[in-house]
Amino acid sequence: MSNHNDQGKKSEETPEAAREDRQAEKKEQPSGRLAEIRFALYLARRNPLVIAGAAISIISILLAVFSGFIVSPDIWKVSNLGMRLCWNNPVINWHISSVATCSGTEVFPLGTDAYGRNLLQMIILALPLDLETSFEIVSSAFLIGVVLGSAAAYMGGLVDEAIMRVTDIFFAFPGIVLAIVILTVYGRTLPNLTIAVLVVWWPIYVRLVRSQVLSEKEKPYVEALKSTGASPIRILYRHILPNSIYPVLVQFTLDIGGVILVFSGLMFLGFSPDPKLPELGNLVSDGIQYVFTAPWLVIFPGLTILVISLGFNLLGDGIRDLLDPRLRR
Amino acid sequence: MKLYEYVIRRLIFMVFVLLAISIIVFYLTRGTLPPASALAPYVTPKMTDAEKLGVAQSLGVAELGCPSYSAYIARASGCIVPLYQQYFSWLRLALTGNWGYSQIPGIAVGTTTWQLFSDRFPYTAELATVAVILTVVLAIPMGIISATHNNKLPDHASRITALAGYSMPLFWLGFILQLVFVLYITIPHGSEQIGLLQSSGTLYTQCAICFSNPGSITAYTGFPLIDSVVSGNAAYFWDSLLAIALPAFTLSFGTLGALTRVVRSSMMECLRQDYIVLARSKGLRERTVVYRYALRNAILPALTITGYIAAALLGGAVIVEDVFSWPGIGAAALDASLYLDVNFLELYTLVAAVIIVVANLVVDVLYAYLDPRVRY
């Protein structure tokens, strides 16, 4: 919480604080915010893990966005049984005696699956669904959190009580179990999967935004704004929220990775609308029956999930450290 | 406010939360459920239609004036009791422990849902307990070392481990561990090589690779580890321990990060306090300062997180149970989901919610008891 307090001081609403901050850094910069960004970039350079996280996140997003250009979107419907379960990668030797040796000149960097499809291409094709769903769920949770959380904190009283008690109820739900119930009753479709995860994901954002707004609205600049006659909506959305949003953005970044885990986990458990759909959890679950003959079918899709999730977690963790002045020096 | 007043207030609020959860679960599961499925757990196929209608009426899902079973199935007007009335009869049945018969194939016919749940629950509880113990044993030293060696190699190592735990797809970790410990790392056993650790089922369904023939034990509590100790069957105990090692480690790896992070930050906070400076300036050994002075205060937030972790694991380790074919409630819930056994899912959700709510209360009260600064 205190990290955002300090963050709030540095924003444009409090010029004195920003000036103090600049003096403290002994740097003459044209604006407080620019100095802040440059300082954050300087700190990021010293922290290789953040760079790695940012790189992984950006690469995975780019791969997902352009996956339709990199691989043919129809590849998951094609099967080439002559090439099933091959490991035609001369660079890495797998040392498993039971690996099928497929004659052919085509190189498969990560082998082929039971339908003779290139596993690397399948993984790239699977990225958009995972990332897109994850962004959808987290952004919706974020929006719900901002609207409900700021309303609860700013209006207080009965509204606060009502919103927070509903949040408490959803906090008492066992995460994945509620998702399973929803998918069982309403069917295993993609929209239902998204809603099922969202239902258990939004409460944390309400709590987070509420606690941020609560501590922010007691600041002197809010008092000053009130005395100038600014409308409450304007104060809340133009001044308080921008100042209290940073920790929520950190949570957003961290949750992208978390939601991918839950989503692919549900797909793995068999809640996929179509078991053949290219999705990372599905790919792992497909590979399991061949785990002795072709372990790469399990290893690489799962490793992809781990790497992407780790990337977003490293990035979020790094941003948190950058925003927290106590951990900077 | 006194502590007991606080507890009473929380207990009252808890009842409301659980009622709200039961309403949500009821409407979620029953809102679109076909009448035949709603009735299925309470009837046997041998019953005549008239008997089935009688059951439906006694359960409070069919109106007394309903002419025939087929009319009830067809949702004829004047046959289906409104949902909010159904809720009250459902709640009455639920609270008396009548959840009907299990609909999952492969479970002995005539097993009640409650019986199935209470048979399976000890396995989940045992797995969760071992996982929580592992988490605490691994995460607290990691957090302390991280805090005392801030920004040095041990700190980085433990932070990366924690982050990897956060980011790990547990279903995948489970399989990789099984591959490594069951297939790749082998030890000689008689004339052949067998896996170092026995996997509890998915990769090897038969117990042909068991280390021993552990025989059987009497189920006093349902917890294999405890029962084998009580029965004095060391081989069974050893086999159960081997079976639980991988799933428990997988579960604890996923929760490790949260606890490590809390221990690290609260330890760093404590080490900055004045009384630590005083202790150091008195010339106390660093070990004494860290473990006798700082740790006692730093451990309190860890307690809270451990409580939440325990509740979450007890309430559902669905993925890990599935990967390791662990016969717990999570795996049973997946079967129930496959065969639309909504009664089991309702029971599961409600029990998990009770566990979570009670654990939160226990943690808060314990916190107030242990830390005199916390007052309500």
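**Reading a predicted two-chain model**

Reader: Where is B:Phe88 placed?

Author: B:Phe88 belongs to helix 5 of chain B, which covers residues 83–95.

Reader: What makes helix 8 of chain A and helix 1 of chain B roughly parallel?

Author: Helix 8 of chain A (residues 175–186) packs with helix 1 of chain B (residues 3–30) at an angle of about 25 degrees, and their axes are 9 Å apart. Angles under 35 degrees count as roughly parallel, so helix 8 of chain A is roughly parallel to helix 1 of chain B.

Reader: Which residues meet there?

Author: From helix 8 of chain A come A:Val181, A:Ile182 and A:Val185, and they meet B:Val25, B:Leu28 and B:Thr29 in helix 1 of chain B. By class, the residues of this contact are 5 nonpolar, 1 polar and no charged.

Reader: How many residues of each chain are in contact with the other chain?

Author: On chain A there are 33, in contact with 36 residues of chain B. Helix 7 (157–171), helix 8, helix 13 (246–271) and helix 15 (296–323) of chain A each give at least two residues to the side that touches chain B. The largest share, 10 residues, comes from helix 15 of chain A. This side of chain A has 24 nonpolar, 7 polar and 2 charged residues.

Reader: How do you know that helix 10 of chain A is close to its expected span?

Author: Helix 10 of chain A (residues 203–216) has 14 residues and reaches 20 Å from its first C-alpha to its last. At 1.5 Å a residue, 20 Å is expected, and the helix is close to that.

Reader: Which residues of helix 10 are buried?

Author: Among them are A:Pro203, A:Tyr205, A:Val206, A:Leu208 and A:Val209. A:Arg210 and A:Glu216 are buried too. For this label, 20 or more other C-beta atoms must lie within 10 Å.

Reader: What is the predictor's confidence in chain A?

Author: Chain A averages a pLDDT of 81, and 84% of the residues score at least 70. Over residues 1–14 of chain A the pLDDT is below 50, and this stretch has 32 contacts in the model beyond near neighbours in sequence. Residues 22–29 of chain A are also below 50, with 9 such contacts.

Methods:
Residues numbered from 1 in each chain as written. Chains lettered and ligands numbered in written order. Predicted model: local features only at pLDDT ≥ 70, side-chain atom pairs only at ≥ 80, totals over all residues. Axes fitted to C-alpha atoms, helices over the stretch in contact; angles between N-to-C directions. Helix = DSSP H or I, 4+ residues; strand = E, 2+ residues; numbered from the N terminus. Parallel < 35°, antiparallel > 145°, perpendicular 65-115°, else oblique. Contact = placed C-beta atoms within 7 Å. Nonpolar A, V, L, I, M, F, W, Y, C, P; charged D, E, K, R; others polar. pLDDT = per-residue confidence, 0-100. Expected span 1.5 Å × (residues − 1). Buried ≥ 20, exposed ≤ 12 C-beta atoms within 10 Å, placed from the backbone.
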